[in-house]
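Here are my notes on this model, written for a colleague who likes to see the cut-offs. Have the structure open beside you as you read.

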Amino acid sequence: MVIYDKKNEVILDIPVDDTSYRYRAIKQGDKVYLYFSLTDHVEIPIYSYIEFQGQRYTLWKPENLTKHGERNLEYTVVFGGWWELLNRTKYKLLSGKPHKLKFPLTAKPRMFMQLLIDNLNLHDSGWTLGTCIEASEKVIAFNHETCMEVINRISDEYNTEFEFVNKTINFGKVERFKDDPLPLSYGKGNGFKTGLGRQNQAKKPQLLYYMYKVVNGISIHPNTAVLLYYSLKIRS
């Protein structure tokens with residue numbers, strides 16, 4: 001794995017541990033976790049980055065370093081996608097100056113999202129809105145919130161999802177392999193994971209019976225209940 005600094009100079013070109021992985025989740029950004037060891041200390045500055053499967057991941061926070069000896073240094077370095085900039089950018093109304101941080105806005109999803117894109121492009125470039133759902137207008141009030149807080153609020157308001165693909169934001173239900181779905185069927189061995197089962201515990205099941213008496217043909221229910229046990233037999 002090659003790690004570059006923000007000036008595109010190579011800092012490290014090393015093999016990483018097999019436990020390194022990339023984490024991806026809906027309504028969250030991608031992260032790459034790198035684990036490796038060095039015999040000498042190498043400083044990895046903030047905004048260093050890696051390229052993985054066609055995407056760029058940046059070091060937004062200092063790396064974790066564990067020293068086990070003079071020549072045994074273990075590194076844990078977490079690289080995040082461009083989506084991290086949403087945590088560093090305030091959602092502002094840009095129609096007038098000075099820009100407002102506290103304001104109500106009546107809009108459809110596309111307008112909310114386009115304003116978010118415009119805010120990101122104020123101090124950065126290349127941000128675009130990909131797919132976006134069509135829905136009715138809503139009134140949402142904003143108050144000194146980051147773009148990440150806002151996009152989560154809007155997705156909750158419209159009961160939908162979003163995803164990041166580099167600097168493109170898709171706002172709507174995330175679907176994968178719609179044209180080539182994974183076939184599933186009933187029957188042994190056709191599920192996702194084999195070896196799952198259920199066992200009946202030795203403890204007897206409990207039934208809750210309500211006792212009552214009949215007076216002159218009228219049922220009278222007391223306020224108390226009697227807990228009874230029964231044995232359950234299953235025939236093969």
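**Notes on the predicted model**

1. In the protein chain, 55% of the contacts between residues at least 6 apart in sequence join residues at least 24 apart; contact means heavy atoms within 4.5 Å. This is a predicted model, in which local features need pLDDT of at least 70 and side-chain atom pairs count only at pLDDT 80 or more, while totals for chains, interfaces and linings use all residues. Residues are numbered from 1 along each chain as its sequence is written, and side-chain values use heavy atoms, with hydrogens and water left out.

2. The protein chain has two helices and 17 strands. These are DSSP runs numbered from the N terminus: helices are H or I of at least four residues, and strands are E of at least two. Of the 236 residues, 31% count as buried, where buried is under 20% relative accessible area, exposed is over 50% and partly exposed lies in between (1.4 Å probe, protein chains only).

3. An open sheet of three strands has the order β10-β13-β12, with mixed pairing; two strands pair if DSSP finds at least two bridges between them. β10 (128-132) and β12 (162-165) are the edge strands, each with a single partner, so one side of each has no neighbour in the sheet. From one strand to the next the twist averages 20°. The parallel strands β10 and β13 (residues 168-171) are joined by three bridges, and L129 stands opposite I169 in β13.

4. Helix α1 (residues 109-123) packs on this sheet, where it touches β10 and β13, and its direction makes about 160° with that of β10. Axes here are lines fitted to C-alpha atoms, for helices over the stretch in contact, with angles from 0 to 180 degrees between N-to-C directions.

5. Which residues touch the most other members of the largest nonpolar core? They are L86, Y91, F112, L116, I151 and I169, in a core of 31 residues. Such a core is a set of buried Ala, Val, Leu, Ile, Met, Phe, Trp, Tyr and Cys residues joined through side-chain atoms within 4.5 Å. Elements that each supply at least two residues include β11 (138-143) and α2 (147-157), but α1 gives the most, with six residues. Beyond its neighbours within four places in sequence, I151 is in contact with L86, M113, L116, F162, I169 and F171.

6. L94 sits in the loop between β8 (72-80) and β9 (102-107). Its relative accessibility is 25%, so L94 counts as partly exposed. Not counting residues up to four places away in sequence, L94 touches H99, L115, D118, N119 and L122. The C-alpha atoms of L94 and L115 are separated by 7.9 Å, although the two are 21 residues apart along the chain.

7. Strands β5 (residues 49-52) and β6 (residues 55-58) run antiparallel and are joined by four bridges. The hairpin they form has two residues between the strands, and Q53 in the turn has a positive phi of about 50°. I50 stands opposite Y57 in β6.

8. Finally, the cavity search gives one cavity of 30 Å³ or more. About 60 Å³ of space lies in the largest cavity. On a 1 Å grid over the protein atoms alone, a cavity is a set of points where a 1.4 Å probe fits but cannot get out, and lining residues have an atom within 4 Å of a point. Grid points are joined across faces, edges and corners, and the volume is the space filled by probe spheres set on the points. The lining includes D30, Y57, W82, W83 and F164, and β6 gives the most to it, with three residues.

Notes. On a 1 Å grid over the protein atoms alone, a cavity is a set of points where a 1.4 Å probe fits but cannot get out, and a pocket is an open set with protein on both sides within 12 Å along at least five of seven lines; lining residues have an atom within 4 Å of a point.
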